[in-house]
Amino acid sequence: MDSTGSELPRDPNQGLAQELDLDTGDQYGGGTGMEGLHPSGQDDGLEEEQLPGYEQPPEQEQEPQPQQPPMDEGGLPTADDDLSELFDAAQRTDIQISLEFIRELQAATLDDQASILGPTVFQRLRCPPTTPIELSQDQRLSLELFMACNSAAQEVYNASRTAILRRHPDDNVLTYDAVKKLLIEITGVVDIKEDMCINSCIGYTGPYRDHITCPFCGQDRLDDKTRKPRQQFNTIPLGPQLQALKRDLRSAKSMKYRQLRTDELQRILQENNGELGSYDDILSGNEYLQAVARGHIQPNDIVVTLSFDGAQLFEKKPSDCWIGIWIILELAPEGRYKMLSVLPAFTIPGPSKPQNMDSFMFPTFLHLAALQKDGLPIWDACDEAVITCFPFFALGTADGPGLTHLNGLVGHMGMNGCRLR
């Protein structure tokens, strides 16, 4: 597992011999099986005679083979590899911090997040509702009004609600706070607030959770007078959002695309000796199809991609903010990148560039790692059944500057920038 909690990349040739049931090992212990045999095939029973003046060369000691880490059936490192050797070898503080993030991701479980999510959301995550969403006319009106005013100020919603009630006083249009509570009740989606440095250096998560000052700029975490966090960022957990998508009949049907397309691609590969006529989507890629063939991606699993980018809100003052989103690969390409299909992952308000992006992305991947380990129960409105989903993290994407935060490489402005081949 890498620093982001995702599965390590697989060598496309690794495990091929086992999948094809080929014996690539030496059946005779490294030899031909003919040592000590007479040309006739029988043992002559004679020992080799040493020639006069000839000394046997000393036997060369074989170099010890490096010990391989424990592997699972698919050839991936198991969680038993606790990175202790890497911890002992790491000398730089930033590498030690990254390894600590990885260690916590390996140990992630949903039970550990119960206090963060709250009892209601956590119980819903474990036991999702098993009926379609039913709304009254007043609730639907309130939600539609809320969504229409989503990009406007709260006063716009309040003014619109007042105008509706003036014309239809018998209607029970919910207040702004009440409609937000209704939205959480329907979807189970909540945001998690975490403390961060006032200068956006770090998020106080993982190895930084107990720090009271920023290790980069030295600013205090809490306000001197109120003793409250000076700045916070938001994380929107993925699990409740996936449950809400599957609970709606229309979106549940749309999310059947990946499995239907995968079945079609596998049929084409069988009919054309492993060749695809065209590559029109990520689902046509070799890495994805091999992951399906090896059983790492099951029909009930949901494949996701994380993408994030930064933006400067104001031209002449520090105002950087960062936004992370989830792309759901269960949906068809023509719909998965539209605004209504994109799911929020996290928001970092800024005002400056983060010094350790891992600390901000850590709550997102901690939740994902727990879902991958424990599984996510989901009620599928299309099948009218509860299924267990293990989300599969396919890709992490960003532009050039943002990608350096994701993979740790030197950016394009560095003296010796890293290049990917």
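Analyst: A nonpolar core is a set of buried Ala, Val, Leu, Ile, Met, Phe, Trp, Tyr and Cys residues joined through side-chain atoms within 4.5 Å. Keep in mind that this is a predicted model.

The largest nonpolar core has 50 residues. Within this core, Leu242, Ile302, Leu306, Trp326, Ile328 and Met361 touch the most other members. Helix H14, residues 357-374, gives the most to this core: ten residues. Now take methionine 361. Setting aside neighbours within four places in sequence, methionine 361 is in contact with Leu306, Phe308, Phe346, His405 and Leu406. There is also a second, separate core. This second core has 13 residues, among them Val292, Ile297, Val342 and Phe392.

Next, serine 142. Helix H6, residues 137-148, holds serine 142. Serine 142 counts as buried because its relative accessibility is 0%, and the cut-off for buried is under 20%. Its side chain reaches the backbone oxygen of aspartate 138 at 2.9 Å. Not counting residues up to four places away in sequence, serine 142 touches Tyr157, Asn172, Val173, Leu174 and Val179.

Last, aspartate 248. This residue lies in the loop between helix H9 (238-247) and helix H10 (249-254). Aspartate 248 has 33% relative accessibility, so it counts as partly exposed. The aspartate 248 side chain reaches the backbone nitrogen of serine 251 at 3.1 Å. Aspartate 248 and threonine 131 are 117 residues apart along the chain, with 9.6 Å between their C-alpha atoms.

Conventions: Residues numbered from 1 in each chain as written. Predicted model: local features only at pLDDT ≥ 70, side-chain atom pairs only at ≥ 80, totals over all residues. Heavy atoms only, no water. Helix = DSSP H or I, 4+ residues; strand = E, 2+ residues; numbered from the N terminus. Buried < 20%, exposed > 50% of the residue type's maximum accessible area, 1.4 Å probe, protein only. Polar contact = N/O pair within 3.5 Å; in protein donor to acceptor, adjacent residues only side chain to side chain. Contact = heavy atoms within 4.5 Å.
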